[in-house]
Amino acid sequence: MRQAQKHRWSALTMGTCYYPEQWEEGLWQSDLVRMKQAGVTVIRVAEFAWSKFEAEEGVFTFDFFDRFLALCVQEGMQVIFSTPTATPPAWLTEKYPETLNATREGTLYRHGGRRHYNYNSPVYRRFCARVTEQLALHYGQHPAIIGWQIDNELNCEVNEFYSEADDIAFRAWVRDRHHTLDALNQAWGTAFWNQTYTDWEQVHVPRPNAINAVNPHLHLDYLRFVSDSTIRFCAMQAEILRRHIRPGCFITTNGMFGNVDNHRMTDEALDVYSYDSYPNFAFALNRTVDPDALNDRAWSKHLTSVRAICPHFMIMEQQSGGNGWSNRMEAPAPRPGQLTLWAMQSIAHGADYLSFFRWRTSIMGTEIYWHGILDYDNRDNRRLREVKRVGDMIRRLQPVCGAAHRASFGVLRDYDNEWDAQIDVWHGRVQEQSIWAIFEAAQHTHTPYDEVWLGRDTEADELAKYPVLFYPHAVIMTEVRARLLEAYVRQGGTLVLGCRTAYKDETGKCVMQPQPGLLRTLTGTDVTEFTFASPAEEAPYALWDGERIDTPVFLDILNPGEDTKVLARHGTSYFMGEAALTEHAFGAGRVLHWGAALSVAAVRRLLAYLGAAEPFREVIDAPETVELVLREKEGRQYLFVLNYKPQEAVLRLRRAVKSLLHSGVCEGEIALQAYGVEVFEVI
């Protein structure tokens with residue numbers, strides 16, 4: 001059972017990221033005044049400022065940020081203060097190279113970038129604990145500080161660790177998990193290719209080998225180890241902060257990055273989760289963008305994942321300008337209206353705090369092309385005017401604060417299968433295809449959904465609020481999870497499963513059972529054969545009541561049981577006429593088994609068949625180019641309408657609604673401008 005969120009904002013709030021160490025002190029006060037004039041009331045500081053506190057080992061000074069925070073108090077600006085452990089100082093890494101991370105080949109990452117350290121170095125953990133405690137002791141009761149950010153973007157850019165410290169820590173982690181070498185050899189299938197271990201000292205993190213292929217069962221455990229290491233590092237700092245900061249201050253960190261169980265990290269270490277949203281990545285380095293594709297709208301998929309971690313999350317970095325580094329990445333500036341659109345996209349999906357990155361574009365360093373609100377010249381500009389507009393919209397949207405997202409269905413996910421899909425290309429191909437197909441189909445049919453991440457203690461009651469759940473490719477299946485799914489369906493839920501379901505155990509080894517393994521009783525099917533779609537044959541499809549539906553990537557041939565209904569049959573190759581989609585009653589619910597990866601057409605047809613599609617059709621008729629998102633609180637419903645296109649969109653309101661942004665009741669046909677946003681209260 002997930003813990004309740006520990007911190008929630010009482011009002012929709014706008015902030016920005018600021019780096020006083022990068023600017024002349026004479027700019028500080030005027031910057032704070034201009035921020036307030038734009039509607040900014042909170043700033044984040046200090047995540048890369050270790051040397052401002054400890055310029056040499058063991059010598060701590062605080063006068064620099066003391067002066068800055070005194071100005072914040074004077075100007076009424078609130079502050080989120082950061083621990084600076086994402087960029088250790090040169091004196092530390094030069095004197096203690098064991099704190100550095102390394103490539104798989106063993107080459108150390110050196111000073112000069114960021115995130116070049118490792119979580120498991122006892123020396124680095126000691127220095128991080130010390131600087132965190134010194135900051136907490138000095139600033140923990142400061143009246144300007146309302147929250148603390150741990151590090152910056154844990155596992156961003158580098159999410160694998162191969163230092164000597166990681167090697168030692170992994171060996172200890174493996175021993176603690178498996179206890180004996182016999183159990184380890186069994187779990188990792190070391191009889192294959194004579195990989196058997198006879199001494200714990202033979203166990204290492206993944207290393208280069210002749211064929212560049214890591215034992216997949218070792219690799220799966222290694223990703224679990226990386227996640228545990230990340231969480232321990234975050235929790236260490238959180239525990240120190242909690243001893244010293246004043247009551248009411250929250251603790252957060254900004255994600256969402258790979259090889260970490262963000263749900264567990266949030267439950268164990270944080271009060272609220274933060275995300276950095278950059279929809280312009282859709283256009284970065286891509287000179288062949290399809291204007292009809294989802295592009296920046298696809299960031300709603302990421303925001304859906306964030307909402308699953310923390311329903312009322314923070315945006316610590318919201319894109320305000322074009323993004324790029326001096327050595328990689330290039331992207332256009334947001335077009336007029338897009339800054340506002342992307343900000344409202346975040347709020348629509350559950351953000352109650354929104355902080356633009358950054359106040360002013362840096363004039364130095366790698367990120368000189370990562371543009372902020374202001375340009376190098378420091379003059380007022382179009383983006384600042386748009387930020388002021390967002391601030392005005394946020395004031396009008398205060399009733400939305402704390403409102404919950406309403407979904408028509410859920411998509412089940414879990415970390416074991418996420419990590420397995422990362423290292424198993426067969427699994428990865430079907431997973432990527434189906435997760436995207438669900439998102440695209442849901443967007444185009446205006447059918448919002450939630451991601452529901454399964455943990456070891458997830459209970460059926462948590463799933464019961466979703467009448468329909470998709471679990472596209474639960475390749476790894478355990479008895480505990482199988483019982484959970486059975487309980488959900490038995491009490492009336494509808495479960496949709498895809499191909500490649502339940503043929504591995506928790507170690508990632510294939511089971512010697514007919515597929516879908518532990519779920520055969522639930523599905524009422526037997527997979528008699530399976531295959532990748534052949535590029536030498538006609539593109540595969542299934543026929544469902546005469547409708548031809550794509551069945552991409554991979555195909556299961558289903559043998560239905562006596563009480564299992566066949567809804568669709570394969571239409572190509574040697575399995576033409578065999579069952580492609582079945583429906584099986586189980587208790588008060590049912591299970592649909594789709595013998596392929598999901599296509600957009602398949603998801604659209606399934607949503608319609610299951611009665612989940614287009615929940616807003618009685619309120620509004622909107623083109624597919626528009627996203628609809630609903631938040632609700634205390635019986636009131638707030639419908640966000642987001643137009644991602646450079647052309648106006650025509651909306652047809654089927655009932656009267658109230659505009660929160662423009663006041664007054666709206667009905668009939670209205671035009672939503674290019675990159676336009678509306679928020680309606682459904683009355």
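Predicted model: local features only at pLDDT ≥ 70, side-chain atom pairs only at ≥ 80, totals over all residues.
**Entry 1**

The cut-off I applied is under 20% relative accessible area. I then turned to Tyr-124, which also counts as buried because its relative accessibility is 0%.

**Entry 1: Aromatic pairs**

I noted that a pair of aromatic rings is described by the distance of the centres and the angle of the planes. How many aromatic pairs does the structure hold? I recorded 50. In one of them, Trp-9 and Tyr-353 are stacked, with 4.7 Å from centre to centre and 10 degrees between the planes. I located Trp-9 in the segment before β1 (13-17) and Tyr-353 in strand β9 (residues 353-357); the pair therefore links distant parts of the chain, 344 residues apart. Both Trp-9 and Tyr-353 are buried.

I next returned to the two residues of my opening entry. The ring centres of Tyr-124 and Phe-233 lie 6.3 Å apart and their planes meet at 10 degrees, so this pair is stacked. Why does the pair tie together parts that are 109 residues apart in sequence? I found Tyr-124 in helix α5 (residues 122-139), whereas Phe-233 belongs to helix α8 (residues 216-244), so the pair connects these two parts.

**Entry 2**

Which order do the nine strands take in the open sheet? I read it as β5-β4-β3-β2-β1-β9-β8-β7-β6, with parallel pairing. At the edges I found β5 (250-252) and β6 (254-255); each has a single partner strand, so one side of each is left without a neighbour in the sheet.

I then examined β9, the strand that holds Tyr-353. Strand β8 (residues 314-319) pairs with β9 in the parallel sense over four bridges. I noted that Ile-315 has Leu-354 in β9 as its bridge partner.

**Entry 3: A helix across the sheet**

Lastly, I looked up helix α10 (residues 299-309), which lies across β7 (274-277) and β8. I recorded an angle of about 175 degrees between α10 and β7.

Note on methods: Residues numbered from 1 in each chain as written. Heavy atoms only, no water. Phe/Tyr/Trp six-rings, centres within 6.5 Å; stacked < 30°, edge-to-face > 60°. Buried < 20%, exposed > 50% of the residue type's maximum accessible area, 1.4 Å probe, protein only. Pairing = 2+ DSSP bridges. Contact = heavy atoms within 4.5 Å. Axes fitted to C-alpha atoms, helices over the stretch in contact; angles between N-to-C directions.
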